Amino acid sequence: MTSDKRDALDRLFRRMEVRDTLAEAERDALIGAAGEIRDLPARTRISSKGEELSHSTLLVTGITARTVYMEAGDRQITSFHIAGDFVDLHAFPLKIMDHNVEAITACKVIHFPHDGLRHITEQFPHLTRVLWLLTLLDSAIHRQWLSVMGQMQVVEHLAHLLCEQFTRAKAVGLADGDAFRFPVTQEDLADSMGRSIVHVNRSLQSLRRQGLIQWQGGEVKILDWPALQELAEFDPTYLHLEKLPR
Amino acid sequence: MPSFFFDTQVGTDQYRDDGTELSDADAARDEAVRTTAEMARDYLPTAKSQANIVMWVRDAEGKAVLHLALDFAVKTIGGQLE
């Protein structure tokens, strides 16, 4: 059903509309390129390192992570994705995955066959630039994670991650006032920060003690946004939230 | 999986841990050592001349099973760096 797909693509459209204006024909082209909605249980491997992909996956609901495994089995989460994010749009030109994508929670996803995306790149130059922008946002976020991981202490790092997740959720209508869903495990969180679980728990306790956040049942509530933002040195420039002609 | 509790103290700042599930005592030991080393990375660079990091690990019954301590001291010799 086209109307179901239109609803499923709503967060993606919002994500794009924050940064530029889409023409109706561009929305229709994306709906036309979308496959069926699929349900995935939590912890499903969506794509694997070395795999050659003929489609890219849009996240409709839930949280996924890009992951890299070291030889000893240690896992680094290199990004979290939320509804409205393509989890592997870069796989369209790259073809062969150089990392994995895993469902953290139960997810709804839509596959976009690469043939359909190729048609978009050939017929819709502006929409192509907006899709390109989405992959550039991924790399901007990666740069920020790398800088934070290399330069910040763990409490500030955790504060930064929460500022980012809150800002991203809010931009696509996923925040409820000062709260947003972030149902990741202690281990997911630690693996995304490259720190031990105990160290991250200790930092979480520090943010709670300072009255900056609450975190209960997978929901984070921001209690003091200016203080959290200041602690994290959070500057959302890298999220490129300006509506500009691209 | 059993729970372990990793209480820490940096200087006079104490944290009572609310618990982490780990496969066994060996995993708890690895986690304790890694965490203490990571805390050193966070706290030692801002320490002027000394720092002290202590960790006690309790098992699910509340029994202490591990103690880790890290004492750090920086002394200037001969006054050249003053």
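Buried area is the accessible area (1.4 Å probe) that two parts lose on being put together, summed over both. The model is predicted: local features need pLDDT of at least 70, side-chain atom pairs count only at pLDDT 80 or more, and totals for chains, interfaces and linings use all residues. Residues are numbered from 1 along each chain as its sequence is written, chains are lettered from A in the order in which they are written, and side-chain values use heavy atoms, with hydrogens and water left out.

**View 1. The interface of chain B and chain A.** The two chains bury about 1700 Å² between them, and carbon and sulfur atoms give 39% of that area. B:Tyr15, B:Arg41 and B:Asp42 supply 36% of the area that chain B buries against chain A, more than any other three residues. In contact terms (heavy atoms within 4.5 Å), 20 residues of chain B touch 18 residues of chain A.

View 2. A salt bridge puts a side-chain nitrogen of Lys or Arg within 4 Å of a carboxyl oxygen of Asp or Glu. Chain B and chain A have two salt bridges between them. The side chains of B:Asp42 and A:Arg195 form a salt bridge at 3.5 Å, N to O. A polar contact is a pair of N or O atoms within 3.5 Å; within protein, one must be able to donate a hydrogen and the other to accept it, and residues adjacent in sequence count only if both atoms are side-chain atoms. The interface holds 16 residue pairs in polar contact, both at pLDDT 80 or more. On the side of chain B that touches chain A, β1 (3–10), β2 (13–15) and α1 (25–43) each give two or more residues. α1(B) gives the most, eight residues. Helices (H or I, at least four residues) and strands (E, at least two) are DSSP runs, numbered from the N terminus.

**View 3. Helix α8 of chain A.** Six of the eight residues of α8(A), residues 186–193, are buried, meaning under 20% relative accessible area (1.4 Å probe, protein chains only). Among them are A:Asp188, A:Leu189 and A:Met193. The buried residues pack against β5 (75–81), α6 (125–151), α7 (154–171), α9 (197–209) and β10 (213–216) of chain A. Just after α8(A), A:Gly194 takes a positive phi of about 65 degrees.

**View 4. The surroundings of A:Ile82.** A:Ile82 lies in the loop between β5 and α4 (91–94) of chain A. Its relative accessible area is 7%, so A:Ile82 is buried. Beyond neighbours within four places in sequence, A:Ile82 is in contact with residues including A:Leu59, A:Ile63, A:Arg168 and A:Leu174.

How values were computed: Buried < 20%, exposed > 50% of the residue type's maximum accessible area, 1.4 Å probe, protein only.
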